[in-house]
Amino acid sequence: MSARTTATKQKLFDAALKLVGERGAASVTVDEIAAEAGVAKGTIYYNFASKDALVEALLHHGVEILAGRLRSAEGSEDSLEALVDEMLGFWAEYPAFGQLLVSELWRTPGQWHGTLSLLRDDIVSIVRGHMKRLSDAGRLPDGVEVGTASAALFGTLLVIALDWQVFQPERSRAEVRDSVMHLVRGLGPAR
């Protein structure tokens, strides 16, 4: 893929993400995406077969970025804190992706529900690896399943990030991360 094609696709992703995050995928048109990206409508169809294909590629693109960030946290001294920080950083940089994810996941059965389920599973599996290491170290409360803890942490961070962006934008990422870590560490067995 040429640098120009990559740059054009990124412009289309950025425009689609902005509009879809604001209004949902179903209510955004190809004409609006093209206008927001500053390209001709044909450019979208040259790069993607349809608006649906663009949104599907957008979902995959966002999850790939998030997954890369979460994997980078695995080697950290406190991998759970690094994972929380990376996820909050992603939501801060791409708040519209969080809006898209939440709106489309709740639109059941939505057009992209199958794709979103697979992508969610990809992210939760990375979180599950972190939770498994905590469980193996005896740091999860008795009776808490690794799968439940993984989904709970992912969901908690998504909702906290949206709350932070919408209702508490004056808070720093570090403040939000530290609050989450106090909560998470307070849920473990007494030491």
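**Entry 1: contacts along the chain.** I take contact to mean heavy atoms within 4.5 Å. The model is a predicted one. I looked up how far apart in sequence the contacting residues lie. Of the contacts in the protein chain with a separation of 6 or more, 66% come from residues 24 or more positions apart.

**Entry 2: overall make-up.** I listed the secondary structure next. The protein chain has 9 helices and 0 strands. Read from the N terminus, the order of elements is α-α-α-α-α-α-α-α-α. I then checked the extent. Along the principal axes, the C-alpha atoms fill a box of roughly 60 × 35 × 35 Å. I also looked up burial. The protein chain has 191 residues, and 40% of them are buried.

**Entry 3: α5 against α7.** Two packed helices are described by the angle between their axes and the distance between the axes. I looked up both for one pair. Helix α5 spans residues 79-93 and helix α7 spans residues 113-136. Their axes come within 10 Å and cross at roughly 155 degrees. Angles over 145 degrees count as roughly antiparallel. So α5 and α7 are roughly antiparallel to each other. The crossing of α5 past α7 is left-handed.

Which residues make the contact? From α5, I find Ser79, Leu80, Leu83 and Met87. From α7, I find Ile123, Val127, His130, Met131, Arg133 and Leu134. I sorted the contact of α5 with α7 by class: 7 residues are nonpolar, 2 are polar and 1 is charged.

**Entry 4: aromatic pairs.** How many aromatic pairs does a search of the whole structure find? I get 5. I noted two of the pairs in detail.

The cut-off for stacked is under 30 degrees. Are these two residues buried or exposed? Tryptophan 91 is buried, at 2% relative accessible area. Phenylalanine 97 is buried too, with a relative accessible area of 2%.

Last, I looked up how the rings connect. Ring pairs link Phe90, Trp91, Tyr94 and Phe97 into a cluster.

Note on methods: Residues are numbered from 1 along each chain as its sequence is written. This is a predicted model: local features need pLDDT of at least 70, side-chain atom pairs count only at pLDDT 80 or more; totals for chains, interfaces and linings use all residues. Side-chain values use heavy atoms; hydrogens and water are left out. Axes are lines fitted to C-alpha atoms, for helices over the stretch in contact, and angles run from 0 to 180 degrees between N-to-C directions. Helices (H or I, at least four residues) and strands (E, at least two) are DSSP runs, numbered from the N terminus. Angles under 35 degrees count as roughly parallel, over 145 as roughly antiparallel, 65 to 115 as roughly perpendicular and the rest as oblique. A crossing is left-handed if the near helix is turned anticlockwise from the far one by less than a right angle, and right-handed if clockwise. Ala, Val, Leu, Ile, Met, Phe, Trp, Tyr, Cys and Pro count as nonpolar, Asp, Glu, Lys and Arg as charged, and the others, Gly among them, as polar. Rings of Phe, Tyr and Trp (its six-membered ring) pair if their centres lie within 6.5 Å; planes under 30 degrees apart count as stacked, over 60 as edge-to-face and the rest as tilted. Buried means under 20% relative accessible area, exposed over 50%, partly exposed in between (1.4 Å probe, protein chains only).
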